[in-house]
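Colleague: Please take me through this model one label at a time. I would like to hear the rule behind each name.

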Amino acid sequence: MSEAKKYPAPVTNPETAAFWDAAKQGKFMIKRCTACGEAHYFPRSICPFCYSDKTMWEEASGEGTIYTWSLMRKSPTGPYAIGYVTLKEGPSLQTNFVDCDLEKLRIGQKVKVVFKPTDGAPLPFFTPV
């Protein structure tokens, strides 16, 4: 039986503390700008679209679609897949895909967020629906 993969704890700061606190509750948060209405990820206090500081936290559905992905077959820790997911709410983000047959991942495939434990806050990854 193989040992469960151990993930490093995220480094937090005051700007991202609410994101990691929500992750501990199983919630995936994004930021939305109240000036221009755009949602963005990774959550930060300044909107990357209009540079306003009028942003608010919003719980995302955690659902998305694979935009692109790449399978890394040669790794000391074994194969893994990374890629971009476009969230239902609009933002795209880079992520790892877990808990699936990596050979069956496809562009356009529906995915959902899953949290993996660390010694700190859990880390968000994505898996096919």
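What follows is a talk about labels and the rules behind them.

Modeller: This is a predicted model, where local features need pLDDT of at least 70, side-chain atom pairs count only at pLDDT 80 or more, and totals for chains, interfaces and linings use all residues. Residues are numbered from 1 along each chain as its sequence is written, and side-chain values use heavy atoms, with hydrogens and water left out.

Colleague: Why is the pair K6 and D119 called a salt bridge?

Modeller: The rule asks for a side-chain nitrogen of Lys or Arg within 4 Å of a carboxyl oxygen of Asp or Glu. In K6 and D119 the closest N and O atoms are 3.2 Å apart. That is within 4 Å, so the pair is a salt bridge. The whole structure holds 6 salt bridges.

Colleague: What makes K6 and D119 a tie between separate parts?

Modeller: K6 lies in the segment before α1 (17-24), and D119 in the loop between β7 (110-116) and β8 (123-128), so the pair ties together parts 113 residues apart in sequence. Helices (H or I, at least four residues) and strands (E, at least two) are DSSP runs, numbered from the N terminus.

Colleague: How do you know whether K6 is buried or exposed?

Modeller: Buried means under 20% relative accessible area, exposed over 50%, and partly exposed in between, with a 1.4 Å probe and protein chains only. K6 has 61%, so K6 is exposed. D119 has 69%, so D119 is exposed too.

Colleague: What joins D99 and K116?

Modeller: A salt bridge, with the closest N and O atoms 2.8 Å apart. D99 sits in the loop between β6 (92-97) and β7, K116 in strand β7, 17 residues apart. D99 is exposed at 55%, whereas K116 is buried at 16%.

Colleague: Which form does the peptide bond from Y41 to F42 take?

Modeller: That bond is cis, with omega near 5°. F42 is in the loop between β2 (39-40) and β3 (55-59).

Colleague: Why is T55 called buried?

Modeller: Its relative accessible area is 17%, under the 20% limit, so T55 is buried. T55 belongs to strand β3. Its contacts (heavy atoms within 4.5 Å) include K31, H40 and S45, leaving aside neighbours within four places in sequence.

Colleague: What makes F28 and F126 an edge-to-face pair?

Modeller: Rings of Phe, Tyr and Trp (its six-membered ring) pair if their centres lie within 6.5 Å; planes under 30 degrees apart count as stacked, over 60 as edge-to-face and the rest as tilted. F28 and F126 are 6.1 Å centre to centre, with 85° between the planes. F28 and F126 are both buried. Ring pairs link F19, W20, F28, Y41, F42 and F126 into a cluster.

Colleague: How do you know that K31 lies over the face of W57?

Modeller: NZ of Lys or CZ of Arg must be within 6 Å of the ring centre and within 35 degrees of the ring normal. K31 is at 4.8 Å from the ring centre of W57 and lies over its face.
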